[in-house]
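Me: Could you walk me through a helix packing question with this one? I'd like to start with how the angles are taken.

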Amino acid sequence: MGRARVIRLLERSAIVLVSLALSIGVIALLSGGLLAGHDQPGVSGTGSGPGVAYRDLGDARLAPGQRRPVYDSQPPTSGPHLPVTVRRDETELSDDQLLQALAVGDVVVMYGTRKAPAGLRQLALEIAAPFTPALAAVGQAVILARRPGTLGLIAVAWTHLVGVRAPDDPLLREFIQAYLDRGAPGR
C-alpha cells in the first residue's frame, strides 16, 4: 500500500470518528444528558423537583464595575449580579437580567432561534398571565428569552435548570409549575 493511500485512509477514519463524536454530543445535549452531568443532589437545599439542582451562590448585589464571579452553570442559576429588571421578553437577556428575574421567582425559558418556537408562548400563557414588566418584577412571569447557540429549550429557575427538545415536553410544564414564584431565599 502506498503512502498516499495510507494517508487517505487515516484522513477518512479521522473524519468518521469526529463525525461520530459530534453526533453523540448533539444527541446528549438535546436529550439533557450533558445537563444531568452537573447535578449536585441535595446541595441547593430547595428539596427535590424537576431539572438539575445547583448550589445556591447567593443573591448579593454587585456595584457597577465590580468584578463578576465565576458561576457554576451556564446559563447561571444564582449568584451575585447587578439588579436589572427585565422590561421585555423574547429578547436576549444579560446575566444580570437573568439572575434578577430568577432571584424574584420568575422562570426563564431560553431558545436559540430568532423567534420563540411554535407553542412556547401558548404554554407560558397556560401557566402564567401574559408577560408584563410589573409581573416580572415580582416573580410571577414566565419569560421567553433568545440565547444564541441554545439547542432545544433551556428553562432556568433559581438554582435549577432543565433542557428539553420542544415546548410540548411535559418536563418543561412541570419545571415551570414547580419553580414559578420560588426565587432566592429571603425574597
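Reply: Axes here are lines fitted to C-alpha atoms, for helices over the stretch in contact, and angles run from 0 to 180 degrees between N-to-C directions. Please keep in mind that this is a predicted model.

Me: OK, at what angle do the axes of α4 and α6 cross?

Reply: They cross at roughly 40 degrees, and the two axes come within 11 Å. Angles under 35 degrees would count as roughly parallel and 65 to 115 as roughly perpendicular, so α4 and α6 are oblique to each other. Their crossing is right-handed, with the contact made by L120, L123, E126 and I127 on the α4 side and by L172, R173, I176 and Q177 on the α6 side.

Me: Which residues of α6 are buried?

Reply: In α6, which spans residues 170-179, the buried residues are L172, F175, I176 and Y179. Seen down the axis of α6, these fall within an arc of 95 degrees, so they line one face of the helix.

Me: Why would they point the same way?

Reply: An α-helix has 3.6 residues a turn, so residues three or four places apart point the same way.

Me: And what do the buried residues of α6 pack against?

Reply: They pack against α4 (120-127) and also against the strands β3 (107-111), β4 (142-146), β5 (153-157) and β6 (160-164).

Me: What caps the N-terminal end of α6?

Reply: That is D169, which has a side-chain oxygen 2.8 Å from the backbone nitrogen of L171. After α6 comes D181, with a positive phi near 75 degrees.

Me: Switching topic, is T159 buried or exposed?

Reply: T159, in the loop between β5 and β6, counts as buried because its relative accessibility is 0%. Its side chain makes a polar contact with the side chain of H160, at 3.1 Å.

Key:
Residues are numbered from 1 along each chain as its sequence is written. This is a predicted model: local features need pLDDT of at least 70, side-chain atom pairs count only at pLDDT 80 or more; totals for chains, interfaces and linings use all residues. Side-chain values use heavy atoms; hydrogens and water are left out. Buried means under 20% relative accessible area, exposed over 50%, partly exposed in between (1.4 Å probe, protein chains only). Helices (H or I, at least four residues) and strands (E, at least two) are DSSP runs, numbered from the N terminus. The arc is that of the directions from the helix axis to the C-beta atoms. Contact means heavy atoms within 4.5 Å. A polar contact is a pair of N or O atoms within 3.5 Å; within protein, one must be able to donate a hydrogen and the other to accept it, and residues adjacent in sequence count only if both atoms are side-chain atoms. Angles under 35 degrees count as roughly parallel, over 145 as roughly antiparallel, 65 to 115 as roughly perpendicular and the rest as oblique. A crossing is left-handed if the near helix is turned anticlockwise from the far one by less than a right angle, and right-handed if clockwise.
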